[in-house]
There are 2 protein chains.
Amino acid sequence: MARRVTLRDVAKDAGVSVTTASLVLNKRHSRLSEETRRLVFEAAERLKYVPNQSARSLVTKNTMLVTLIVPDIENLFFASLARCLEEECQQQGYSLIIANSDDSRETEHALIGQIVARGVDGVFLIPARESFGRLDELQADVASIACPVTLLDRMVTGGWCDGVGFDNRHGGSLAAQCLIDAGHTRIGCIAGEGNANRRRQGFVDTLAAAGISLDPRLDVVGNYRFDSGFAAAYAMAQAGATAVFCCNDLMAAGMLRRLGELGLRVPEDMSIIGYDNILARFGMPIEVTTVEQHVESLAAESWRMLYARILEHAGDDDARPWLSEPQTKLLEPRLINRGTVKVLRGCRQGEE
Amino acid sequence: MARRVTLRDVAKDAGVSVTTASLVLNKRHSRLSEETRRLVFEAAERLKYVPNQSARSLVTKNTMLVTLIVPDIENLFFASLARCLEEECQQQGYSLIIANSDDSRETEHALIGQIVARGVDGVFLIPARESFGRLDELQADVASIACPVTLLDRMVTGGWCDGVGFDNRHGGSLAAQCLIDAGHTRIGCIAGEGNANRRRQGFVDTLAAAGISLDPRLDVVGNYRFDSGFAAAYAMAQAGATAVFCCNDLMAAGMLRRLGELGLRVPEDMSIIGYDNILARFGMPIEVTTVEQHVESLAAESWRMLYARILEHAGDDDARPWLSEPQTKLLEPRLINRGTVKVLRGCRQGEE
DNA sequence: CCGGATGGCTAAATCCTTTTAGCGCGCGGA
DNA sequence: TCCGCGCGCTAAAAGGATTTAGCCATCCGG
């Protein structure tokens, strides 16, 4: 293969030393004449010089690579997140390696091993579900990574690692408040493991504060997928719920569909609140009142945090910087009203 | 930062030369005593040695990185594909960098520039929509890449570059045959740019061969998204179609939903065929007869092709290997019957 | 006229591996 | 005795950048 153009070639062509060429091209022109700079740039241009990233990494010790470990990119929320993160990284010249842990502790462990070997500059980690109960293993793995790590969306409040996520309890409470304000009292909820459960918690607490309790028959466990919303719809309607809080939009979509099949109208016969506001991004403009998690913000905020760490890390010769004082940032979700919550007669509030 | 353990450290610890250590660890034990090998392995183990990939890349000239340029990872089909490709690559020890072109020619161009700079070992490229009409630019970009490139899903039959995709015309023809066999004659189609249009072509041709023509009012242009299926449903029903071919499942889902709202039953009042069979992977088990594109096969096949090229490429000192004779592989889609096509009375075929 | 500062540039060291070329030794055959 | 060979191992080069230390003029102030 025709050898690639090296810096030496450029230097020779420009009639200067390799050092000078490097200095010019990296804009480190401490004291270089305009003339010399022009010569080097022209030579580089003419020869179509592209620096060898491996060689550069070898000496600068940064690879301009960031890894994202995601449980499953085939999850709409994570797909969106990956998209936004990639954009953020790209803007600063970093490339994003994406790897799926498949929610498996073992796979996650293996991937982290690879990361160590490859020596990336930073890591976004969305812990696998299987790591929830195996915190010590996860921590050990993270500790073995020689570059900054930021936890995303899950397990972010541990305080042992940088983390950015959403305030799920507060999101649940927003949903509850919306239903309370609309005068609902027979309310259902379909939750699920992890964050969904936190949403449910905020939801339940807020209802309780308003003197409303969740009928156990209306308090079901979902799986974040369309089918569990679909499956739960009938029982909800049967049990006489007037409103249901679905802990993500996909379950809400399943429920909407099933209700439609059952001949029930939303919101006339049943009010629905979803969570995520992710469907629209995928060309599925399901009209449902929902608690939005602004993915762009999550991506921007976490990159900001990781990038800052990467910069710190570069200029240090001692300990792991982010072990010093891990940061946690919780973003606030926001209710988006799309009219699938019916205001019950005689229960209007706030308006005269 | 505590300097990472290098090969020199291992060698010193094991009491051998760096060369020997390298030889042992890379399993190139041409002629090394069992004893020496043990020593080196133990030292490496003890010191937790991890080779520096940058240094290795510098000399071996391969980075163990593969890039996937995808128009938009927030497209269900591409998300699935990315997932599968990542798995394939991972298995051979390669990491996958994912970058979104956003269907923009300019972004694609910029990304390819980065690829050249980073020097990855292989590239999966799903061309941006904007590149469809600017083939020469795309070709120039691809030619500038110094490693094997495989086109995926789009523009794969050009013959100027390796490519793997599905036979879209044939897929369309499968859909048509299904409807013909069921005795439908007033048939609608919602297509779209690119592959959808190829599917439509196969569909139309096969219908024509059976003496059926598509009413122009029933021949609409979609955008691959839920909403365009949703929007087209009413017109289809109005115009008296008994069956509609939706060129992807998302449009089929939109149509199903709208038909439901209109009080029309599927398949009793309207038969529907989708395309992709992608929704189930995302937890949306929409029951619709569809033409399946087996994503795993696409991923496996394209990785096989790319990997073979990477191996060729490694051992060559001359021309670009894949310029010699580009390969094209078309995979066959498959009809999955899920009962959303009604067999019209008096038109049964094949069964007695 | 001299010493020191400064401007413009470069030689050489360094980063860490892989890989090539070959060294020294013991042994078997001539 | 000597040659050649295979074995086990290693010194040194190569790979392409960044970075440190410093050289040589010129210029300015005293």
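**Reading sheets, domains and contacts**

In this predicted model, strands β6 (residues 187-191) and β8 (residues 243-246) of chain B run parallel and are joined by 4 bridges.

Trainee: Which residue of β8(B) is the bridge partner of Cys189(B)?

Mentor: Phe245(B) is the bridge partner of Cys189(B).

Trainee: What is the order of the strands in the open sheet of chain B?

Mentor: Read across the strands. The order is β7-β6-β8-β9-β10-β12, which makes 6 strands. The pairing is mixed.

Trainee: Which strands of chain B stand at the edges?

Mentor: Look for strands with a single partner. In chain B these are β7 (219-221) and β12 (334-336), so each has one side without a neighbour in the sheet. From one strand to the next, the twist averages 20°.

Trainee: Which strands does helix α8 of chain B touch?

Mentor: Helix α8 (residues 168-181) of chain B packs on the sheet. It touches β6, β8, β9 (271-276), β10 (289-292) and β12 of chain B. Now take the angle. The direction of α8 makes about 160° with that of β9(B).

Trainee: Where does helix α9 of chain B lie?

Mentor: Helix α9 (residues 195-209) of chain B lies across β6, β8 and β9 of chain B. It runs at about 160° to β6(B).

Trainee: How many strands form the open sheet of chain A?

Mentor: In chain A, 6 strands form an open sheet, in the order β7-β6-β8-β9-β10-β12 with mixed pairing. Strands β7 (219-221) and β12 (334-336) of chain A are at the edges; each has a single partner strand, so one side of each lacks a neighbour in the sheet. The twist averages 20° from one strand to the next.

Trainee: In what sense do β6 and β8 of chain A pair, parallel or antiparallel?

Mentor: Strands β6 (residues 187-191) and β8 (residues 243-246) of chain A pair in the parallel sense, over 4 bridges. One residue pair to find is Ile190(A) with its bridge partner Cys246(A) in β8(A). Helix α9 (residues 195-209) of chain A lies across β6, β8 and β9 of chain A.

Trainee: How do I read the two faces of a strand?

Mentor: In a regular strand, side chains alternate between the two faces of the sheet.

Trainee: Are the residues of β5 of chain B buried or exposed?

Mentor: In β5 (residues 162-166) of chain B, 5 of the 5 residues are buried, so the strand is largely enclosed by the rest of the structure.

Trainee: Which strand do 3 bridges join to β5(B)?

Mentor: Strand β4 (residues 149-152) of chain B is joined to β5(B) by 3 bridges, and the two run parallel. Leu152(B) stands opposite Val164(B). Strand β11 (residues 328-331) of chain B also pairs with β5(B) in the parallel sense, over 4 bridges. There, Gly163(B) stands opposite Thr328(B).

Trainee: Into which domains is chain A divided?

Mentor: Chain A has domain 1 (7-51), domain 2 (61-165 + 295-329) and domain 3 (168-293). The centres of domain 2 and domain 3 of chain A are 31 Å apart, taken over C-alpha atoms. Across their contact, 7 residues of domain 2 of chain A meet 8 residues of domain 3 of chain A. On the domain 2 side, helix α5 (residues 76-91) of chain A gives the largest share, 3 residues. By class, that side has 4 nonpolar, 1 polar and 2 charged residues.

Trainee: How do I describe an interface between chains?

Mentor: The size of an interface is often given as the accessible area lost when the parts come together. Here, count residues instead. Chain A has 45 residues in contact with 45 residues of chain B. On the chain A side, α5(A) gives the most, with 7 residues. That side divides into 21 nonpolar, 13 polar and 11 charged residues.

Trainee: Which residues are closest to DNA strand D?

Mentor: The closest are Thr6(A), Ser22(A), Ala55(A), Ser17(B) and Thr19(B), out of 30 residues that surround DNA strand D. Helix α4(A) gives the largest share of this surface, 5 residues. By class, the surface has 14 nonpolar, 11 polar and 5 charged residues.

Definitions and conventions: Residues numbered from 1 in each chain as written. Chains lettered and ligands numbered in written order. Predicted model: local features only at pLDDT ≥ 70, side-chain atom pairs only at ≥ 80, totals over all residues. Domains from an automatic or database assignment. Contact = placed C-beta atoms within 7 Å. Nonpolar A, V, L, I, M, F, W, Y, C, P; charged D, E, K, R; others polar. Pairing = 2+ DSSP bridges. Axes fitted to C-alpha atoms, helices over the stretch in contact; angles between N-to-C directions. Near = placed C-beta within 6 Å. Buried ≥ 20, exposed ≤ 12 C-beta atoms within 10 Å, placed from the backbone.
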